[in-house]
Amino acid sequence: MASADYSLDRKLSALLTEARPSAASLRAAGEAADAVAALVKSVPPQQANPTAASGFVADLGLLAEAHKLAFDFRAPEVVRLAGSHAAGGSVARPDVAADLLVRLPKECFHEKDFLNHRYHVKRCLYLCVIEKSLLSSPLICKVSWSTFQDEARKPILHVYPATEIAELPGFYVRIIPTASSLFDVSKLNLSTRNNVRAYTKDGINQPTPKYNSSILEDMFLEENAESISSTFANWKNLQEALVLLKVWARQRTSIYTHDCLNGYLISAVLVFLTMDSGGSIINRSMTTRQIFRVAINFFATSKMWPKGLVMQPMKKRTITKEDIAHLLKTFDVVICDVSGHVNLAFRMKKTAFLELQDEAASALNCLDKCRDGGLEELFMTKVDFGAKFDSCVRINLKGNSKVTALSFCLDDESWRVLENNVQSLLQQGLTDRTKMIRVLWRSTPSEWNIKDGFSKFGSSPVIVGIMLSSLEKSYRLVDIGPNPENRDEAVKFRKFWGEKAELRRFKDGVIAESTVWETEPWKRHTIVKRIADYVLTKHLLLQKEDLVHVVDQLDFCLLVAGQDPVSSSGDLLIAFDTLSKQLRLLDDVPLKISTVQPLDPAFRHTSVFPPEPHPLAYEKSSQRLPNFAATCVRSLEVMIQLEGSGNWPLDPVAMEKTKSAFLLRIGESLEGRGMFVTASEDEVNVFTSGYSFLLKIFHERGLVQKQAGDVNTQSAPSEDKELFLRSQHSSMINGLHGRYQVYGPVVRLAKRWMSAHLFSSFISEEAVELFVAYLFLKPFPFHAPSSRVVGFLSFDWTFTPMVVDINNDFNLKDEKDINENFMLSRKSYEQNPHDVEPAMFLATSYDKASEAWTKHSPSKSVLKRMAAYAKSSAELLTNLIIHGQSGQYTWECLFRTPLSNYDAVVLLHQEKLCRPHHVLFPAETPNGKLVIRGNPSNSFHPYMSLNSTVMRSLHDARDKLLVNFDPTAYFLRDLKCAFPVTFKLWYDSNGGDAVGLTWENSKKRGRDEADEAMPDPTSILKEVGDVGKGLVRGVYLLKAPKLQ
């Protein structure tokens, strides 16, 4: 344990070293800030004129009295460094800017300038004078405008020194005005005073707590900064904990925002926890890790939050209980500052705080359950908005009448008012379907000219994150409203829902207002989207193009003819149930059938394209046939077990012959019961209820024979061993799907993505299912996905051992064994890097050594390629969620693979594939040399005519049916036989018309073969074309093999 702690401390130390700038660069930053401070202090007296910020003045409604706002500028008496640079070593990349607090001189203001935004205008004009002076200095490269905590009425300056600091590229100094002792504090009472006369309700002035807090914040900024800096001074572990908390929060883009956390608030909370009012739960004996944990635990679980935090020592407390009660009634979160006058958290919304608590609780889980104390999950994994929430909505409100009808700034700013409106609408519309709704509108433009005022504010869209509650609630078809006898509530309900409201009588006799969201079962994941879109469009008067809700944008890759084939899964389960009952009822087979278990992915809801009923796969009774049907039918594997008997032969070959005899007898019996059966010694296929089932017999003795066999059998497990593994796997995945309904769709997307990028040769379906299972069971730092888009976004390959423990079966000994197996596999790879060793380690309760699905593939090079593709797709998907489609970057791009990444490409005739309708995007002609062109064969067609003039009988039609036939699979099998070590084959098993080839290196081919001159690649590719004659459309050479 001690060694593990030591290792973790070393890793944390390395993380801190990377996160913090060096002492030399901090000194350089301090010198640069001092130089800017000197320039600010030396600004000469002059007239501050409202014309310098005409747009700003006009948008705050003071254009008519602009002549009263001019004043004689005086240089500030106090300019001081604050923030992280003043608090010792608590600067954390990437935000390495230095804060300069500039005290506004009292003689520049009148005593009543706190009214009607006059303070804010003069504050801005003061900065205009400083900007003009700084721009004339050769020491300054650039000065730009921004806002303080995204508050438009509180601009600040970003000053870029001419001398760059090599280690801190883009370093700048923030100039933040302060207003110490500028106004009478009693005039800015948060719960009673109205200081914006235009802010009224029914003609009565309303209190302006947000506006008053905006001024009070400036008045006590210096005092609070001094208090925080003095606490952090000479307290190394507290400084380091602050850096870790900043890194943690910044990685979570939806909590490090204007309405939630920032570095200043985090440092204030840490200071509070060192005080007696905070329980002194942080003290100097604590390590950095302990302080971090205490702070995270405080955010997540403390019962002090509902009572308000007060940053005053108990014995020196000036704020009364009544004052705190007023603050708690006025604001969602209260962190009262050292003066007792300012709520430092006046911008923090309740929803933002709830998300902060949720993230902190998740962080505690990571600390306890993740490897290395959650180092990777907490500090090195980006938790983007799109990955955290189950669905994201982008709303364009630029120019919207609901926005333009509001004044830019009264008590609060119009952007914050609209955030609250959107929040309220969605909560009212979605009710208990959601666990959390988060609305963010980052209103400050990236480039701002102060003369433009607020005209460019709010140009970026509003982003809404929706986290679903249970899928049972989220997928509900009907929302029941008030009883019509409750007239007031019924009127409100109808006003909110408009045309969607309807009066209904329910089965229990209750009559109530309601809304109904009828949809097909496979579209139920879109119900929340339909509700949210309807509510927002109706109440915000939006156009269709102003609203983008990311929920079903990836569904296109799972559809066939505009419908998800999973819709016929009910028919499949009925067909299997029918077969299972018939098998158990057989009484003319020597041994009764005791167990029937389906093994195909379609039965565990993870098949990309579950088979649809085939018109020729029904019983012998006459069926009305369509004009055309698919020539190929996929037979679904079913494992059966017979009752025990001591008469089974001991010889493995004899046992397999006995199984075949049993299967043939079973086939005859089923045929006698009206089912259509095709039987041979190799396989027995049963057609019933529209589906084909491939029967396999499992016997436990096959497992014993496998273990007693020679070493060579390990590379080719017996059929019984394979059946056993697949049986265990199917049972496990079915159990997981029962817990996570969205698991199936996420696996289907993952498999579709995997095959679309031509990885089908290298990874089994079972491995993909286990990998996605791992993401659901150990999703840290995320939550287990409740939507298919978020689940797909989490799909990221890893080189660490993945333990898939669905039922918590593993004990400490199991975990130790698994780790030893993993280390042995890594050691084996390091000793023989050119051997085919497993790069992916997937341990399960039935396969602790990861031998079942990843023993031979993927190799390390293939897994690296998968990881690179997954990273690229995740970045694109995140961008699509937050910013939308742009130019060539569309949702379809996630499933388009660049053929230029292969050495040669084989294009296939789409019309000769067994299921051409599954092709997602027909392959484009690659930029390479055409080696051979091929014509399509006439001997195979994917569809057969069932016209009575062509087919004389149902029997004739069934004779032409091809069971488990796939031209592409046979072509690839033949290529592997003809060229076992010449190249790797990359293909799409779910409907692709392109095959990629990459040349194998000489080390892989072997020394003897490498010594021989490799044949001309053109001649090899011509042979490839010959092997696939009739299927191959063209073979293209993109890159010749590298000479060794």
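**Salt bridges and burial in a predicted model**

UniProt, in an unreviewed entry, places the feature "domain: Nrap protein" at residues 99–232, 238–382, 387–540, 565–736, 740–885 and 899–1034; such positions are given in the numbering used here, feature names are shortened, and annotations may be inferred rather than shown by experiment. This is a predicted model, where local features need pLDDT of at least 70, side-chain atom pairs count only at pLDDT 80 or more, and totals for chains, interfaces and linings use all residues. Residues are numbered from 1 along each chain as its sequence is written, and side-chain values use heavy atoms, with hydrogens and water left out.

Colleague: How do you know that the span of helix α4 agrees with its number of residues?

Modeller: Helices are DSSP runs of H or I with at least four residues, strands are runs of E with at least two, and both are numbered from the N terminus. The expected span is 1.5 Å times one less than the number of residues. For the 18 residues of α4 (residues 118–135) that gives 26 Å, and the end C-alpha atoms are 26 Å apart, so the two agree.

Colleague: What makes α4 largely enclosed by the rest of the structure?

Modeller: Buried means under 20% relative accessible area, exposed over 50%, and partly exposed in between (1.4 Å probe, protein chains only). In α4, 16 of the 18 residues are buried, so the helix is largely enclosed.

Colleague: Why is the contact of Arg250 and Asp95 called a salt bridge?

Modeller: The term needs a side-chain nitrogen of Lys or Arg within 4 Å of a carboxyl oxygen of Asp or Glu. Here N to O is 3.9 Å, so the pair qualifies. The two partners sit 155 residues apart, Arg250 in helix α7 (residues 236–250) and Asp95 in the loop between β3 (79–82) and β4 (98–103).

Colleague: What about Lys388 and Asp358?

Modeller: Their side chains meet in a salt bridge at 3.2 Å, N to O. That pair links helix α13 (residues 385–388) with helix α11 (residues 350–369), 30 residues apart. Lys388 is buried because its relative accessibility is 5%, and Asp358 is buried because its value is 18%.

Colleague: Which network holds Lys388 and Asp358?

Modeller: A network of salt bridges that also includes Glu413 and Arg416. Those two meet at 3.9 Å, N to O. Glu413 has 2% relative accessibility, so it counts as buried; Arg416, at 9%, therefore counts as buried too.
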